[in-house]
Amino acid sequence: MIIYNPQNETLLKERIKSAEELLKQIPAKYCFITGSFLYKKKYHDIDIFVISRSKREFVVNNKKAKITVIDFNDLHSLFYRSVSKSCIAKNILPAKQLKVTFSDYWNVINEAIPTLMNEKDTYHKNVRFLILYTEYFRAGEVLDTFQLARKIEQFKYYKEILDYVKTEIVKITKKEIKFSYAKRFFYTQAGYYKDLQEYDAQSFLYGLAHDAVKTAHG
Amino acid sequence: MVSPEEFRKKAGAIVAQNYKVEFLGKNFDQIVNLLTDTKAEKIYNWLEEVIHKKIQPIVISSKKQYKDWKVNELLTFRYQFSIENVEYRILFVKVKNSIYIEFHLGDHKYYDKVRKDLSLT
């Protein structure tokens, strides 16, 4: 059993043992457990990840277990890097070079903003990707599940998250991409939102795209 | 318990358009059978809100073909709920400035498949 804990978080001893028992039930070389189960007395789910090419369904003897299968082709993703950063694993986990593009980040924003506006203050879970990508591009750091949960808890209302994205996207655009690319990229995106201004989300995204180009120019 | 036939009828009546919305999902009927009246009512209310443009859609800029349309011509509305710790999702698809075409209901496996077809992340 391997414990990945780069931030030296305090893990609950009894959970380490339970995690080990759960992982033993999974017939795969690479599997791991991360999230609140490892460090919080009260937890909602047990997040188990299995790296596998197989299409079979994995099950363990625990109703709270949520098993996600990660394909070997997805090991370069920010998602995998984040969930595997602090975890308890059956074996040493495979590592691949991270591949994340600015366009991936915008795709995340494009889906997260409508979701956030629909869920308002019940957003907790679905906002993870948005914060993960924003922090990666803002500070160059991949947050693990502990850090991500802590970062999300800092926001009191969903509107604070909207403001955070609004502030960071312009800085990130200026830092990460050339003006000529920003202009082409954001004006194309804005074109898709233009006819949908009756929706708050697309209106927000339209404004965000324009702000990003303006800042990239300045 | 909600009858799948009644569910389709009620949901179809809320959408109220000449084009018949397709109700899709590998285990559509079984999942509807699991719905309580309260849960079904929540879905009908959500549909009403979609029709009245109170729910925000997802618009993907991909030019990929999805059946008779390009992905960037579609608006997708997403709704999530759970029954006994199992999560289910609805994807309700509309053609931009036009008709509603599909109502998908399924578990995470089905959602993953449709999500990829619609180029959602």
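What follows is a short chat about a predicted model of a complex with chains A and B.

Colleague: What ipTM and pTM does the predictor give the complex?

Modeller: The ipTM is 0.91 and the pTM is 0.91.

Colleague: And what is the mean pLDDT of chain B?

Modeller: The mean for chain B is 94, and 100% of its residues reach 70 or more.

Colleague: Let's go to chain A. In what order do the strands of its sheet run?

Modeller: The order is 1-5-2-3-4, in an open sheet of five strands with mixed pairing. Strand 1 (2-4) and strand 4 (65-70) of chain A are the edge strands, and each pairs on one side only. On average, neighbouring strands of this sheet are turned by 25° against each other, direction ignored.

Colleague: In which sense do strand 2 and strand 3 of chain A pair, parallel or antiparallel?

Modeller: Antiparallel, over five bridges between strand 2 (residues 30-34) and strand 3 (residues 46-51) of chain A. To find a spot to look at, take A:Tyr30, which stands opposite A:Ile51 in strand 3 of chain A.

Colleague: Helices now. How many residues of helix 2 of chain A are buried?

Modeller: Seven of the eight residues in helix 2 (residues 78-85) of chain A are buried, so the helix is mostly covered. Among them are A:Leu78, A:Tyr80, A:Arg81 and A:Lys85.

Colleague: At what angle do helix 3 and helix 4 of chain A pack?

Modeller: Helix 3 (residues 102-119) and helix 4 (residues 128-139) of chain A pack at about 145°, and their axes are 9 Å apart. The crossing of these two helices of chain A is left-handed.

Colleague: Which residues meet there?

Modeller: From helix 3 of chain A, A:Tyr105, A:Val108, A:Ile109 and A:Ala112. They meet A:Phe129, A:Leu130, A:Tyr133 and A:Phe137 in helix 4 of chain A. By class, this contact has eight nonpolar residues, no polar ones and no charged ones.

Colleague: Over to chain B. How many strands form its open sheet?

Modeller: Four, in the order 1-6-5-4 and with mixed pairing. Strand 1 (22-24) and strand 4 (74-83) of chain B stand at the edges with a single partner strand each, so one side of each has no neighbour in the sheet. Neighbouring strands of this sheet are turned by 15° against each other on average, direction ignored.

Colleague: How many bridges join strand 5 and strand 6 of chain B?

Modeller: Seven bridges join strand 5 (residues 86-95) to strand 6 (residues 100-107) of chain B, and the two run antiparallel. In one of the bridges, B:Leu91 is partnered by B:His104 in strand 6 of chain B.

Colleague: What does helix 3 of chain B touch on the sheet?

Modeller: Helix 3 (residues 37-51) of chain B touches strand 4 and strand 5 of chain B, and its direction makes about 160° with that of strand 4. Helix 4 (residues 108-117) of chain B also packs on the sheet, touching strand 5 and strand 6 of chain B. The direction of helix 4 of chain B makes about 140° with that of strand 6 of chain B.

Colleague: Last one. Why does B:Gly12 count as partly exposed?

Modeller: Because B:Gly12 has 16 C-beta neighbours inside 10 Å, whereas a buried residue needs 20 or more and an exposed one has 12 or fewer. B:Gly12 sits in helix 1 (residues 4-15) of chain B. The C-alpha atoms of B:Gly12 and B:Leu47 are separated by 9.8 Å, with the two residues 35 residues apart along the chain.

Notes: Residues are numbered from 1 along each chain as its sequence is written. Chains are lettered from A and ligands numbered from 1 in the order in which they are written. This is a predicted model: local features need pLDDT of at least 70, side-chain atom pairs count only at pLDDT 80 or more; totals for chains, interfaces and linings use all residues. pLDDT is the predictor's confidence in each residue, from 0 to 100. Two strands pair if DSSP finds at least two bridges between them. Axes are lines fitted to C-alpha atoms, for helices over the stretch in contact, and angles run from 0 to 180 degrees between N-to-C directions. A crossing is left-handed if the near helix is turned anticlockwise from the far one by less than a right angle, and right-handed if clockwise. Two residues are in contact if their C-beta atoms, placed from the backbone, lie within 7 Å. Ala, Val, Leu, Ile, Met, Phe, Trp, Tyr, Cys and Pro count as nonpolar, Asp, Glu, Lys and Arg as charged, and the others, Gly among them, as polar.
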